[in-house]
Amino acid sequence: RATAGEAVLADGDQNQIVFLARGATKLVAHASGGREQVVAFHFEGDLVSVPARGAHSYTLCALQDCELIAFAAAEFLELARSEPGLLNEVLERVLASLARSREKSIALGRKTAQERVASFLVSMAGRIGMPQEGGCLLHLPMSRRDMADSLGLTIETISRQLTELREAGLIETSGRSVVHLCDNASLQARAGHLSSAA
């Protein structure tokens, strides 16, 4: 178990696989000079790969109170090889994670600030959104700083882009964590996604 704000795993000497049974986490990479990058967010039911210290070190931090199980990656994968059902499940999750990593790479390399924020909201809707009539409701467990550190933006830019999306009628916000996506198709267009007809 881990409480919100607590480091779950930090700077390990071996690769680890974590199953997140409850809660939400962020995986943070640490570079020289105290620089940090939020690599990914994880939610209930996710398998998380936490790399061993190498060119960078990594910390898995709880965003909410969590329950999780950590395995040495080598032992976990050895077990998976002997259980076809588990191996298939791992493969599906790895492919989903790879797709998210590709999307994030495109966002960081080629997208505007607004496209990055819109892409982030669309991605969160697919992972933790609760469909509602005419839209989707998000309870985001991460802070604006976490969002900024994930998207390569400043907190001020995150706030400004959320304001612009709200003024455009694409989202509604309540407090610091509740976001209602009012028009998913238009938000995807703002995210720079290709239309389904393309």
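In this predicted model, strands β1 and β6 are paired in the antiparallel sense through 3 bridges, where two strands pair if DSSP finds at least two bridges between them. Helices (H or I, at least four residues) and strands (E, at least two) are DSSP runs, numbered from the N terminus. Within this pairing, Leu-9 stands opposite Leu-60 in β6. Residues are numbered from 1 along each chain as its sequence is written, and side-chain values use heavy atoms, with hydrogens and water left out. Because the model is predicted, local features need pLDDT of at least 70 and side-chain atom pairs count only at pLDDT 80 or more, while totals for chains, interfaces and linings use all residues.

Strand β6 also pairs with β3, antiparallel, over 6 bridges; here His-30 has Ser-57 in β6 as its bridge partner. A further 7 bridges join β3 to β4, again antiparallel, and Thr-25 is partnered by His-42 in β4. Taken together, 4 strands make an open antiparallel sheet in the order β1-β6-β3-β4. β1 (7–10) and β4 are the edge strands, each with a single partner, so one side of each has no neighbour in the sheet. From one strand to the next, the twist averages 20°; axes are lines fitted to C-alpha atoms, for helices over the stretch in contact, and angles run from 0 to 180 degrees between N-to-C directions.

How many residues of strand β6 (residues 57–62) are buried? The count is 6 of the 6, so β6 is largely enclosed by the rest of the structure. Buried here means under 20% relative accessible area, with exposed over 50% and partly exposed in between (1.4 Å probe, protein chains only). Both faces of the strand are covered: Ser-57, Thr-59 and Cys-61 are buried on one side, and Tyr-58, Leu-60 and Ala-62 on the other.

A second sheet is also open and antiparallel, with 4 strands in the order β8-β9-β11-β10. Its edges are β8 (130–132) and β10 (171–174), each with a single partner strand, so one side of each is left without a neighbour in the sheet. Neighbouring strands of this sheet are turned against each other by 25° on average, direction ignored. Strands β9 and β11 run antiparallel and share 4 bridges, with Leu-181 in β11 as the bridge partner of Cys-136. Helix α3 lies across β8, β9, β10 and β11, at about 85° to β9.

Helix packing comes next. Two packed helices are described by the angle between their axes and the distance between the axes. The axes of α4 and α5 come within 8 Å and cross at roughly 100°. That makes α4 roughly perpendicular to α5, given that angles under 35 degrees count as roughly parallel, over 145 as roughly antiparallel, 65 to 115 as roughly perpendicular and the rest as oblique. Arg-144, Arg-145, Met-147, Ala-148 and Leu-151 of α4 meet Ile-155, Ile-158, Ser-159 and Leu-162 of α5, contact meaning heavy atoms within 4.5 Å. Helix α4 also lies across β3 and β4, running at about 110° to β4. Helices α1 (residues 73–81) and α2 (residues 84–110) pack at about 120°, with axes 6 Å apart, which makes α1 oblique to α2. In this case Phe-76, Leu-79 and Ala-80 of α1 meet Pro-84, Leu-86, Leu-87 and Val-90 of α2.

The largest nonpolar core holds 31 residues, of which Phe-120, Leu-121, Leu-140, Met-142, Ile-171, Leu-181 and Leu-187 touch the most other members. Such a core is a set of buried Ala, Val, Leu, Ile, Met, Phe, Trp, Tyr and Cys residues joined through side-chain atoms within 4.5 Å. Elements giving two or more residues to this core include β3 (24–30), β4 (36–43), α3 (113–128) and β9 (135–139). Helix α3 gives the most, with 7 residues. Leaving out residues up to four places away in sequence, Phe-120 touches Phe-41, Leu-140, Met-142, Met-147 and Leu-151. A second, separate core has 13 residues, among them Val-18, Leu-20, Leu-27 and Val-48.

Beyond its neighbours within four places in sequence, Asp-46 is in contact with Val-18, Phe-19, Leu-20, Phe-41, Arg-93 and Arg-127.
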